[in-house]
Amino acid sequence: MPPPGAVPGHAPPRSLAAALRTWSEEALTDLLQERPDLAVPLPHDLAALAHRATLRPSVHLAVDSLDLPTLQVLEVLVALSESSGPVSLDQVGAAWGGDARPAVDRLRALALAWGTDDQLTPVRRAGECLGPHPAGLGPPSGLDAATIRDLLTHAPDAARAVLDKLAWDGPLGQVTHADRRPDPDSTAPLDWLLARGLLTATGADEVVLPREVALVLRAGRTHRDPALTPPTPAPRPAPQADTHAAGAAAEAVRLVAALAQLWEATPPAVLRSGGLGVRELRRTALALEVDEAVAARVIELAHAAGLIADDGELDPHWAPTPDVDAWLAHDVPQRWVELATAYLASPRCPHLVGTRTDKGVRNALGNDLAWTAAPTVRAWLLHTVAALRTDSTPRGIARDEIVGLFVWTAPRRATPVRRALLEAAVAEAIWLGLLGTEIPDVIAVPSFTLPLIGATEDGERQAADLLGRALPAPVDHILLQADLTAIAPGPLDRHVARELDLIADVESRGGATVLRFTPTSIRRGLDAGRTGDDILAWLEQHSRTPVPQPLAYLIGDSARRHGRVRVGTAASFVRSDDETALSELLADRRADGLQLRRLAPTVLAAQAPPAAVLEVLRSLGLAPAAEAVDGSVVVTAPPVHRTGPRRRPVRAAARPPAPSRAALRSAAAALRLTELAAHDGSRQGTTDVPPSPPGLPPTPADVATVLIQLSQAVARRSPVWVAYVDAQGRVGQRLVEPIEVAAGRLQAFDRSTARILTVPIARVTRVTPLPSGQFSGNSPGVSPENRPLDGPD
Amino acid sequence: MSEGPLIVQSDKTLLLEVDHPDAPACRQAIAPFAELERAPEHVHTYRLTPLGLWNARAAGHDAEQVVDILLRYSRYPVPHALLVDVADTMARFGRLQLVNHPSHGLVLHALDVPVLEEVLRSAKVAPLVGQRLDGETVQVHPSERGHLKQVLLKLGWPAEDLAGYVDGEAHPIALREEGWALRSYQREAADGFWHGGSGVVVLPCGAGKTIVGAAAMARAAATTLILVTNTVAARQWRDELLRRTTLSENEIGEYSGSRKEIRPVTIATYQVVTTRRKGVYPHLELFDARDWGLIVYDEVHLLPAPIFRMTADLQARRRLGLTATLVREDGREGDVFSLIGPKRYDAPWKDIEAQGWIAPADCVEVRVTLPERDRLVYATAEPEDRYRLCASAPEKMRVVEALVTRHRRDQVLVIGQYLDQLDELAARLDAPLITGATTVRERQRLFDAFRDGQMQVLVVSKVANFSIDLPEASVAIQVSGAFGSRQEEAQRLGRILRPKTDGRTARFYALVARDTLDQDYAAHRQRFLAEQGYAYRIVDADEVLDGSSS
């Protein structure tokens, strides 16, 4: 088969660029699809494409994506061509030990190798990616095979043993004095080998087996175990995968909703490092009735879907975002789709929560949980398992076979940490319902996950539809029982669930819901405005079974007791043994302002304070008496205005205590010293007194004032004193000519320094226009340098 | 999706829809490993507990069967985590075995060495075991067999006790099935116990637990120690054994406050066994007095703590626990499991009722409204007096009288908690009163007279809660009780559940003062029975007084 798109009959290409020129459009499209990094930005010609395709990062990406046999064949190609130039397909096949054509075709299609079947050449950077020892072979030495064979037949047994050891497990060997000058006549194995070039010294203590020697020792083969047969996991039927996954999906959705409900009431604090504290995680796990690993999944999932976030307050907490309300308004399948797509795209790895780094334990929602490989691994997992599914029947793979497949598919990516990532992805996908399970341990992709991972246009809607069909149909009825429980024998319709949550407490969740009616739960319903009859009627309407008598009694009793004791607000009360007087008062329009209400025949409540009530009653010709808290009558004197209670000013002591003699003496000494210093200073003092800035009041002006003053100064181009706080926090004052006020900054010309001064407006504390005539425009040669503001005294 | 009768909840409860056609088959399938928690009219609730799963393991079921049954009957997908948990939990049982080593005697043998290492590191296990014999085996002090099982259960690695039992001193006992026959469930219960070696049989009150005991004794054919709650119960056991078995009066001894006989079959009361003088139990010798082949614990849910300790030392003897409910108000179900043994037989009350072995019962809660005056007294009473005040409200007297009048053709038991209340009731009803102060002889006389029908009404205190056999009593009126005790309510109902000769329905009235603590406690007390399917009707005291309600 010719290289992809090669036009038969063409001369063999001499470079990758030349090879690419022979490719069909189809083949080029495939290349750009397989190596998307080549397409962005679009190279302007094929030479540029060829150049980019041979750049190290791009080649690295492409080599990482190779499966095991292709990678092995690339190793063969690199190992053979480094010593002898282009090689033929047959040579590659012979060295590898199998039919190399599929692998070689793949390498050419990926532009990792080029040339005809007779003259295959790998791109140079591919060799670099594979490291110095492709297929465990040392560097080429130039010895030819016949010579090597000849030498080997005469090799002493000990020397031969050394070679055999290095042949497959080499090519490097540790020895002492590798760089010795070997004695050609010695029969000591190392000397003998080094002298004949069958080993080469690479350093003081290291020897290497040359490539040609190793190939001879390996009988011309490069790989001991060529990856000829792919691991073919037997597809296993998983008829229940859809229902199991749907159950898991519903549960995951429920947990996220429960998390939002929990955190909206008690939002946990954001750690200073950004995550969620271990204790908070434990509390959340306890409240959600799951273990901490699952709680971490729920939290990270809600975060990935944008349902919870740092509230950004001064004392920050993790709290539900406004998106939660929109999310909760959707039905379960739609909610799940939003979670699932968020999960697939999220680089965050909840399974790392609780593991240690050198800095400490990783926290949920912490900054060190993101891993760019995660979405790739998840996508690979789902695609791989999905490939086993035939159109109609869900088929899956045994859970423990997936890792072997992972290693085969991309051996260079299957590092131990990535394998752990894969295993976590399996667990998470099962938990979220992206994968379904089948007893004993089969995983399969359920129907509703397929549209999400495919390139279908409205995959999300399809997924929601399919999940909706896989979920048990919602029920809109309950069964009431005499032990005061209600059972919803399936997932409850949203509206029914909301009403039930109001009047009963959930005892058990799962496929069904068990609720218990208690006096407290009924009271909750009554508090929310339902009447006992409302509740009974609602239950009768939604129950398949008659309302049991104890339940009817419970509701009746609770309703009877509800509101028996009432609490209201009143500012004062009016009481009188004369019921008629109170009735009269109630009827009097002039008392309307008091908002009187009759509580009992002899008691009125008023919304006005006692003083106002007294005044009004007096004006109506009544003779009311004020009552104190204990019921005694308060006798009021004519009002006299007073302040509220105030503290007395602190008084100074009559005379300060007399200082001791010693204290006075040291004070005197200090005074003398100061005097001496002042005397010295007066001799050095400057005579150059700068014009003083205006004295400023201690409080800064508000920003609006400052803005107006500066704008005016700009308009008039008149100089002003500007007091401001500089970047070091020092307060200074300068005489400037404002040029522009824009973008929150003042630009002004500072004459003292002859520079443009730029100050944020927010830092300007005061602007003082110069009294007219004080500033001539060129006179003040000296300006105060950051002169501190004068004190308030 | 299958339309199975079972819904498996993620919190490990199983909901069984009773009216589903597959419900009976499903119930039978899940009964060995799931504990029936509630059995109201439409949906029964079972729970998967570690104890229940280990009970099933002890009975020879494995995790695969359990998982298979859950999947087969489940209507909705079973949570994966739950299945894994079931398998894990069941796998914990029996990793450690107690076996008899030919040369070293009792040893703890591990099928899984890391588990042994784990438990040996526990400070609680260390003093109970001797030297390590090899990687998998460690010696156990024979006297610590029970304690070790208790501790291992707490650690979550229950040991399978394969060390066997001593046969005890042989003594021929056989059932004398003349004019009666062992009922099928009684036979199954006795067989279940015998094959398990030790364990608990759960049967409703009135279902003939004594006969299960007798059948077990016949299987053992060995000297037997029977521990019962009180002297009256002891006499009833003796009478029943004399009637049902080949035992003669000389072979049965009573070991109680008044008599101290030790015979091949000895019946002792909890009270005398747990009597303590100067810090020692003087009657402990009873357990060593003979080489007992079987020990029967009546009303195992009431077993006092000291008896647990004594039982811990008796692990080499076969033990049979009998009870109507495994509910213990003190939550020591785990001790029953490790010291007496796993549950060997269980039948829901309603099943036995359906078979006609216990009388159907109608439970009625009579709500008594306190007059204004009493409500005021109640409202202002000290908290510690409040329950007594509302439970013994004088208003209840009139209702009791009305009820007794209505049931003048029936045999009526009036049961209460407070002696002054009972005194007054007895006086008003002109009926004899039995309390703890009544002599055994007098009690016996009164019970006999009641049984013979010479007496229609009997007022009793809590002494009559248990093990009093009054076949013809068909109405019980509970005027007050011990706070919220669920098992007391069940026991009291049990007094009237003996099948009546004319197949009448028994009536159980619970008098409750409305809007008081009494009502709260009543709700709690009724939970067990409501969960067993006994639906309480509620009537107003006024209806009773008017005679308008039947």
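This is a predicted model: local features need pLDDT of at least 70, side-chain atom pairs count only at pLDDT 80 or more; totals for chains, interfaces and linings use all residues.
**Entry 1, chain B overall.** I began with the secondary structure of chain B and counted 22 helices and 23 strands. Of its 550 residues, 49% count as buried. I then looked up the contacts in chain B with a sequence separation of 6 or more, and found that residues 24 or more positions apart account for 72% of them.

**Entry 2, a parallel sheet.** Next I followed an open sheet of seven strands in chain B, which has the order S12-S13-S11-S14-S15-S10-S16 and parallel pairing. Strand S12 (252-255) and strand S16 (343-346) of chain B have a single partner strand each and stand at the edges, so one side of each is left without a neighbour in the sheet. On average, and with direction ignored, neighbouring strands of this sheet are turned by 20 degrees against each other. I noted as background that the strands of a sheet pair through backbone hydrogen bonds.

I took one pairing in detail: strand S10 (residues 199-202) of chain B runs parallel to strand S15 (residues 318-323) of chain B, and four bridges join them. Which residue in S15(B) is the bridge partner of Val200(B)? I found that it is Gly321(B).

I also checked what lies across the strands, and found helix H9 (residues 231-244) of chain B across S12, strand S11 (224-228) and strand S13 (265-269) of the chain, with H9(B) running at about 160 degrees to S13(B).

I then listed the surroundings of Val459(B): leaving aside its neighbours within four places in sequence, Val459(B) is in contact with Val414(B), Leu422(B), Leu425(B), Ala426(B), Leu429(B), Ala431(B) and Leu433(B).

Last I turned to the contact between the chains, which takes 31 residues from chain A and 29 residues from chain B. On the side of chain A that touches chain B, helix H13 (241-265), strand S15 (485-488) and helix H26 (549-561) of chain A each supply at least two residues. The largest share of that side, six residues, comes from H13(A). Sorting the side of chain A that touches chain B by class, I noted 14 nonpolar, 12 polar and five charged residues.

Conventions. Residues are numbered from 1 along each chain as its sequence is written. Chains are lettered from A and ligands numbered from 1 in the order in which they are written. Two strands pair if DSSP finds at least two bridges between them. Axes are lines fitted to C-alpha atoms, for helices over the stretch in contact, and angles run from 0 to 180 degrees between N-to-C directions. Two residues are in contact if their C-beta atoms, placed from the backbone, lie within 7 Å. Ala, Val, Leu, Ile, Met, Phe, Trp, Tyr, Cys and Pro count as nonpolar, Asp, Glu, Lys and Arg as charged, and the others, Gly among them, as polar. A residue is buried if 20 or more other C-beta atoms lie within 10 Å of its own, exposed if 12 or fewer, and partly exposed in between; C-beta atoms are placed from the backbone.
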